[in-house]
Amino acid sequence: MNLIPLSALLAFFYSFALGKPVQVATRNNDMESDSTLQEGDIVFRRKRSAINCDSSCFWPKSSDGLVKVPVNVSTEFSVAERTWIAEAMQEFTTLTCVQFINRTTETNYISVVPGESCWSHFGKIGGMQQVGLMKTGCMSKGAIQHEMNHALGFLHEQSRSDRDNYVKIMWEYVIAGEQGNFGKVNSNNLGLPYDYSSVMHYGANDFSNTSGKATIVPIPDPSVPIGQREGLSNLDVAKINKLYSCNCCSNVLHKPNDTFSSVNYPSSYPDNSNCLWLIRIPQHQIFLQFDAFDLQPSPDCTSDYIRVYDGSSRNSSVLLDKLCGMGSLPSLVASRNVMLVEFVSDEATAATGFQASYSQVKCGSTLTGTSGVITSPNYPKRYPKTRTASGSSVLQQIARSL
């Protein structure tokens, strides 16, 4: 069976535990016998040095500007697991020019298979190359994206050549024999900052020989979180787009509350823009409001417009469809912890754009029908005491937007 449609969505994912190094097996459904596993989950072929990898390691770009990577997902995964894999790959499709497509007859492609750990080849190797996902430890969105990023040609973030400026390796707490997982390479950092929040970063306690003792400590602030597996970070997206020369305007917002705006705001926004903001908060639902809104008007908003999706892709249901002009917009509540905002402009711009802010709420929804019924949580039973503060806040913010 080929990969299921990439528009499939699932709200909750299991936690990710980074797979530790395993002995390379030679079974027919495992890694090639001329390969070796390094840094816990990267397959380097013995006949090629990863550090000296050139453009042949990267997937080619089509004439339409897209990097199409054929993928086949094993039917040994359940329907739910294939859905999780599809959603993880959909985030690449939404935010970058890398498109994971169903493999048909392509010679070079990725085969996603169940594994005894999480692992991937480094970059494109030619022919069929496997990505292994352990069903009990690799099914979170960020864990899947971690291995797919290896297949695109990315190494671990803490392996960067400049990592000693940002993290300290606590060698005394590294399990004996596992020191090789903390090596440093002469990497191409693409001129982009070090990313503590990258899906490619190890967790603080990975490969630790002592419970509670970190093997990686951020500097100068040791409290900075590292090793998240919730999804691509903003810099993960920027690095993919830069490495593959994608003409994409994409942003990931992950704080519980934040503000964002169109390019150049409050000055006029650029012509021929197509920008996306993926809002992904740790928990609860997203409450979005537009603090300022000025887009060039046109019939049916065909020229410049903003659209808001209740999910992580353009295939998600629409909360707000093609609005333009000037004035106040209704506040919106997503059904879960992700929301996608799209902004499009044509070649004739004469407006300042928008500024928006978001926060997290524990309940609520966006109502788009001409009539309907709303109730408080648990109605007709008593509503929860913990809803009072957030509910009042939402009502006040909605009232200000009317």
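**Cysteines and disulfides, close-up views**

**View 1. The disulfide between Cys 97 and Cys 246.** The S-S torsion of Cys 97 and Cys 246 is about -55 degrees, so this disulfide is left-handed. The partners come from distant parts of the chain, 149 residues apart. Cys 97 sits in the loop between helix 1 (79-95) and strand 4 (98-102), while Cys 246 belongs to the loop between helix 3 (234-243) and strand 10 (249-253). The S to S distance is 2.0 Å in this predicted model. Cys 97 is buried, at 3% relative accessible area, and Cys 246 is also buried, at 12%.

**View 2. The disulfide between Cys 118 and Cys 138.** Here the two sulfurs are 1.8 Å apart. The torsion about the S-S bond is -85 degrees, and the link of Cys 118 and Cys 138 is left-handed. Cys 118 lies in the loop between strand 5 (109-114) and strand 6 (119-121). Its partner, Cys 138, lies in the loop between strand 7 (128-133) and helix 2 (141-152). The pair is separated by 20 residues. Relative accessibility is 0% for Cys 118 and 0% for Cys 138, so each counts as buried.

**View 3. The disulfide between Cys 249 and Cys 275.** The sulfur atoms of Cys 249 and Cys 275 are joined at an S to S distance of 2.1 Å. With a torsion of about 95 degrees about the S-S bond, this disulfide is right-handed. Cys 249 is in strand 10 and Cys 275 is in strand 12 (residues 274-280), so the bond ties together parts 26 residues apart in sequence. Cys 249 is partly exposed, with a relative accessible area of 25%, whereas Cys 275 is buried, at 3%.

**View 4. Cys 248, with Cys 246 as the closest cysteine by sulfur position.** The sulfur of Cys 248 lies 4.8 Å from that of Cys 246. A disulfide requires cysteine sulfur atoms within 2.5 Å, so the distance from Cys 248 to Cys 246 is too far for a bond. Cys 246 is joined instead to Cys 97. Cys 248 is partly exposed, at 33% relative accessibility.

**View 5. Cys 363.** The relative accessibility of Cys 363 is 23%. This residue therefore counts as partly exposed, since buried means under 20%.

Methods
Residues are numbered from 1 along each chain as its sequence is written. This is a predicted model: local features need pLDDT of at least 70, side-chain atom pairs count only at pLDDT 80 or more; totals for chains, interfaces and linings use all residues. Side-chain values use heavy atoms; hydrogens and water are left out. Helices (H or I, at least four residues) and strands (E, at least two) are DSSP runs, numbered from the N terminus. Buried means under 20% relative accessible area, exposed over 50%, partly exposed in between (1.4 Å probe, protein chains only).
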